[in-house]
Amino acid sequence: MGTMVEAESSTLSPEHRNNPFFPQVETIKGIAIGLVIIYHAGGVLGWANVLHGEIGVDLFLLVSGLLLALNTSAKSTGQFVIRRLLRILPAYWMALVFLVWAGALLLRQAIGIPETVRYLVGVHATFAGAYSSPLNDSLWFITTILGLYLVFAAVRTRVDDMFFLLGVG
């Protein structure tokens with residue numbers, strides 16, 4: 001898919017020596033993010049969705065999965081899960097605190113304890129009304145990405161067996 005850029009191995013920590021960097025793949029990821037931004041900006045500004053920016057989410061998830069497959073094979077499943085959770089949950093929880101605070105202050109909106117727990121754990125989108133969150137409609141992505149991390153954690157040891165992953169092996 002293109003050239004791989006490798007830094008001098010003496011300057012990298014042992015963890016990063018085997019992690020390839022593919023600029024072309026990162027460019028595709030950037031384009032996917034741009035499509036999502038254009039899609040959401042268009043919704044706010046009333047633009048027609050001629051680019052179908054929602055495809056950016058699919059593209060972003062596909063490319064991210066590819067990069068995970070290429071860069072996490074040396075880690076144990078436990079290390080993988082902990083690293084993924086530590087990467088996504090703190091920022092999500094900070095956003096959640098802000099959204100609950102802003103909702104209470106500006107909209108006089110209260111979130112019940114069971115719903116708060118579902119949001120904190122990241123499973124809120126598995127319940128009714130997942131795409132019409134009282135906090136923020138884009139929070140469905142957290143449930144999706146956490147679910148995909150769990151699936152990936154389960155199959156990551158079989159990444160070399162493409163037939164198994166495609167369901168034909």
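Isoleucine 37 is exposed, with a relative accessible area of 54%, where exposed means over 50%, buried under 20% and partly exposed in between, calculated with a 1.4 Å probe on protein chains only. This residue is found in helix α2, and its C-alpha atom is separated by 7.7 Å from that of glycine 53, 16 residues apart along the chain.

The structure is a predicted model, in which local features need pLDDT of at least 70 and side-chain atom pairs count only at pLDDT 80 or more, while totals for chains, interfaces and linings use all residues. Residues are numbered from 1 along each chain as its sequence is written, and side-chain values use heavy atoms, with hydrogens and water left out.

**The chain as a whole**

The secondary structure comes to seven helices and zero strands, taken as DSSP runs numbered from the N terminus (H or I with at least four residues for helices, E with at least two for strands). Along the sequence this gives the pattern α-α-α-α-α-α-α. Of the 169 residues of the chain, 25% count as buried. Among contacts with a separation of 6 or more, 55% join residues 24 or more positions apart, a contact being heavy atoms within 4.5 Å.

Lysine 29, found in helix α2, touches Phe60, Val63, Ser64 and Leu67 when residues up to four places away in sequence are not counted. Glycine 65 lies in helix α3 and counts as partly exposed because its relative accessible area is 26%. Threonine 143, which is found in helix α6, counts as buried because its relative accessibility is 13%; leaving aside neighbours within four places in sequence, threonine 143 is in contact with Gly122, Val123, His124, Ala125 and Thr126.

| Residue pair | Separation along the chain | C-alpha distance |
|---|---|---|
| Isoleucine 37 and glycine 53 | 16 residues | 7.7 Å |
| Lysine 29 and leucine 59 | 30 residues | 7.3 Å |
| Glycine 65 and leucine 148 | 83 residues | 8.8 Å |

**Helices α4 and α6**

The axes of helix α4 (residues 77-107) and helix α6 (residues 140-155) come within 10 Å and cross at roughly 170 degrees, which means that α4 is roughly antiparallel to α6. Angles over 145 degrees count as roughly antiparallel, under 35 as roughly parallel, 65 to 115 as roughly perpendicular and the rest as oblique. The axes are lines fitted to C-alpha atoms, for helices over the stretch in contact, and the angles run from 0 to 180 degrees between N-to-C directions.

On the α4 side, the residues that meet α6 are Thr77, Phe80, Val81, Arg84, Leu85, Ile88, Leu89 and Tyr92, and their partners in α6 are Ile142, Ile145, Leu146, Tyr149, Phe152 and Ala153. The residues of this contact divide into twelve nonpolar, one polar and one charged, with Ala, Val, Leu, Ile, Met, Phe, Trp, Tyr, Cys and Pro counted as nonpolar, Asp, Glu, Lys and Arg as charged, and the others, Gly among them, as polar.

**The second largest pocket**

The second largest pocket has a volume of about 360 Å³. A pocket is an open set of points on a 1 Å grid over the protein atoms alone, where a 1.4 Å probe fits, with protein on both sides within 12 Å along at least five of seven lines, and lining residues have an atom within 4 Å of a point. Of the 13 lining residues, the closest to the centre of this pocket are Val36, His40, Val57, Trp140 and Phe141. Helices α2 (23-45), α3 (55-71) and α6 each give two or more residues to the lining, and the largest share, five residues, comes from α2. The lining divides into eight nonpolar, four polar and one charged.

Notes:
Points joined across faces, edges and corners; volume = space filled by probe spheres on them.
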